[in-house]
Structures are given as C-alpha cells and as structure tokens.
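Please read the report below alongside the sequence and the model. It moves from the chain as a whole to a few local features.

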Amino acid sequence: MDDADPEEPSATTPALPDDLIVEEILVRLPPKVVLRFRAACRAWRSDTSTPMFLRSNYDHQVPLPLVFFSNCTKDPDTLDAIDVLAAAGAEYRRTLLAFGCGTLHASYEGLLLISHENARYTIYNPATRQGVSLAELTSARYALLYSSRSSDGGVECRILFCKGRPAMYHVLTVGSSAPPRRIHLPQGPKDFTKLMAAGYPSFQSPSIQFNGALHWLMGKSLVVFDKVVESFRSMRCPSALLDARLFEIDGTFGMSVRGARDTAVSVWVLQDYQAEAWTLRYSIDLAMVDRLRVKYDSRHMLLSNDGHLLVSSGAGSTTLILCDAQGTLIKDFSVNSWNPKVTGLSYKESIVRHSFFESKGKRRRPQASLFKRLRKGNPNFLLHTYPYDLGARFSTISHAVGFGRNCFILVLSILELWSRNDILRDAISFPYISIYLKLQKSGN
C-alpha cells in the first residue's frame, strides 16, 4: 500500500460525468475563469463555447451595482462593479473601465454603452475587452441599449437614441448596414409630446427593461417604449420624481424615490402592470444610518426586494455604504477615491459572442485610454479574489492528488465557485472533485 503511486487512479474510482461537470460546475463559474481553464482540454473548450453554454453562464452571474470613482491622484477615474457580498478584507471593487470625461448611458447583458467627450459613442464588453465605435450615434443626446427579436427569429442588439432640437428618435441595429430607423413621437397628450420633444439625458435616469418594453424617467413622467411595435407611451407614477431610480429585481418592477430635502427613500412596487397600480413597500430613513451624511446630491440604488440600499453621500465625500430596510448599517465600504457616485445600473459579466465585434471594417478594440493603466498597479482588474485561506485548501488537495498546471486552474475555479455558491457546496463534496482531478490528469 505504501509503495503505490499516489498519482495512479484507482480502477474502482468513479468519474464525474462530463455533462455534470459542464452543466453544473463550469456553467456557474465567472466568465473570466471559464476563459482561463478552456486550456485544460479540447473537450472543455468545445463544450464551453456553445451559444447555449455561454447564455446559461451569463444567467448564472450575479448582477453587481456600478459606481463611478473620481481619483484625487494622477490615476484616471474608473467605473467599478461593486461586490457587496465580498467577505471582510476581500477586494470588493472590480474595475471595468478607466477614462477621463465620459458618460455611461446603458448597461445590458454584459455590454456598456458610453459616450466620450468628443460626442462619439462606443459599445464595450469589459469581460472580453472588445469594443466598437458607433458613428451613427455621434452627438446623440440620449441613448438606450436593448435586445429584440429580428425578422428571421434571431436576437439583435439595438439602440434607441435621439438627436437634435426638437428631439428626433431613431433605432439603430448594431452591426447592421441599414441606416437607423426614424421613430415618430406619439400623438398623445400635449404635455407628454412636448416632454419627449425636449429629450432627456439617459445617465440621469437609467432605463429598465420589463414586460417587453423599455422604461425610463423623463421629468415627472415614466416613459414606456414598446420594443415590438416601436411606440412611446406614458405610465402613471406613484409620487413626485425628484430623485427616483427604477429597478427590476427577480421579476418585480418598481422605483425608489427620495425627495430633494428628505432623508427617507420610499420604495414603490408595481402590483398590477395593466392597471398601473403601485404599492408602497418600504420607507427607509437614511438619517438613521451610522456614518452616512445625506446630502442633496446623495445617490442610492435598491439591490434586493428585502430593501437593501447602496448609498453614496454626494460631492466631497468618500462614503459608500450598504444598509437594510430599517436603516441599519450593514457594510461601510472604505474608499480612497473622492466622490463615489452610484449610477443606478448593474453589470453582469458575459462572454456571449456578438457578430458586430467581429465584423470587418469595425473597430474591435476600445480606446486604449480605457484600459492602458488598469493592468499596472491594479491586479484586481476583472479578476476574482478568494476570501478565505485558499493556500491551505489547495495544499491539502495537491498533497492527495498529483496534477499539473491545467488541473491547478481547475482547482482555483472550483474553490472560487465553492466560496460563492452555497447550493453547489452542499450538492458536491470535495472528495469527488479530488477524484475527478486525479482521473483528469491521467486522461490528459
């Protein structure tokens, strides 16, 4: 028994089925990790490259709130995804982009739509570091990103935008050679038509997709754009909209509202979409939150149906906190940057392929200034951290199972998944992972 080769697999040792590995383990890993260990073997590279796998992998990701950080040093300002569930002491900021002057207009299915100081627009995928310029949107004052069914049954990426004064609305199909389509304003109430003709900056009112339509706030109105028939209409609002944010969480559509001189955030949910019936669910008093000084320009974002709020204090502050529906402080994110701003948008990493990134004649890579200083001095750029003693667990497994570099990547991926998914942690035991690693090495 002592002379046996510890790396030699036992004839009676069962192997995990390939479909279990792909459909229950790999599909739950962060996209960055999936890209890393595609090098383990050709079968995994093939299985993790199918459209079904890529879409399912995206669906398993957790949406993270987006926050702008202004740096007081020579470093560029950054757009970061905030992992509010990160363990104590772990890195909670994932820098997506770094730039000077720019505006975030939309975040949808792993894609970011940003306008630059030269009035040009670019669509990015931070996970794959691909980008393409959109000349048709140059000088647009308003832009919303969404997906819709094409005439052949596929899915297209489209952008609703407006230009000029009075505003003229168009829909652009990204990657298509067809020119943008003109969308005429509705012949409805005079006040609503006048509001639509005036236009409104999208970064002040992030849009939400729900029930087959786009929803966003313009002035004191809630605007709805039907993606199928491509028409506008207004929807009844529950209260005054001085500082409001729309949200859609687990199928619940609503808005969180704070008055200009009020410290309370009212959370309204839409109980009946057809009847436009709203119900007040929470009233969260931010004045009760420790270490938070509410200002006129404080920004907030609802993160869960339980009333968890992410709040930034406002100009001149470095405060970014997470609180619950009772106003109890849950976590205080200490930031070294001046004036963090909660955008109201969330981000999910995606490695789903898009043809417009690969089309000839299109710019595949975004402007170098967005990424050039992220690698140096920022090792956490789009990398996932391990909020526990990874070295001890890795040492235990590597001592029992002999493996090389490819299996090392798999172990890191599995450990990361273990730290983030309680269901999987209970469903699959570590011995089975060790057995599979042992067999995988002998098979390669």
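This is a predicted model: local features need pLDDT of at least 70, side-chain atom pairs count only at pLDDT 80 or more; totals for chains, interfaces and linings use all residues.

Residues are numbered from 1 along each chain as its sequence is written, and side-chain values use heavy atoms, with hydrogens and water left out.

**Confidence and make-up**

The protein chain has an average pLDDT (the predictor's confidence in each residue, from 0 to 100) of 75, and 71% of its residues score at least 70.

The secondary structure of the chain amounts to 10 helices and 24 strands, taken as DSSP runs numbered from the N terminus (helices H or I of at least four residues, strands E of at least two). Of the 444 residues, 50% count as buried; buried means under 20% relative accessible area, exposed over 50%, and partly exposed in between, with a 1.4 Å probe and protein chains only. Among contacts between residues at least 6 apart in sequence, 52% join residues at least 24 apart.

**The largest nonpolar core**

A nonpolar core is a set of buried Ala, Val, Leu, Ile, Met, Phe, Trp, Tyr and Cys residues joined through side-chain atoms within 4.5 Å. The largest one here has 19 residues, and Leu113, Ile123, Leu134, Leu137, Leu145, Ile159 and Phe356 are those with the most contacts inside it. At least two residues of this core come from each of β4 (102-108), β5 (111-116), β6 (121-125), β7 (130-134), β8 (142-149), β9 (155-163) and α6 (355-358), and β9 gives the most, with three. Beyond its neighbours within four places in sequence, Ile159 is in contact with residues including Leu113, Leu134, Leu137, Leu145 and Val174.

**Helix α5 and its surroundings**

Helix α5 (residues 190-198) has Phe192, Met196 and Ala197 as its buried residues. Seen down the axis of α5, these fall within an arc of 135 degrees (that of the directions from the helix axis to the C-beta atoms), so they line one face of the helix. Lys190, Asp191 and Lys194, on the other side of α5, are exposed. The buried residues pack against β10 (168-173), β13 (213-218), β14 (221-226) and β15 (231-235). Just after α5, Gly199 takes a positive phi of about 75 degrees.

Strands count as paired if DSSP finds at least two bridges between them; β13 runs antiparallel both to β12 (residues 208-210), with three bridges, and to β14, with six bridges. Phe210 stands opposite Ala213 in β13, and Leu217 stands opposite Leu222 in β14.

| Hairpin | Residues between the strands | Turn residue and its positive phi |
|---|---|---|
| β12 and β13 | two residues | Asn211, about 55 degrees |
| β13 and β14 | two residues | Gly219, about 60 degrees |

Definitions and conventions
Contact means heavy atoms within 4.5 Å.
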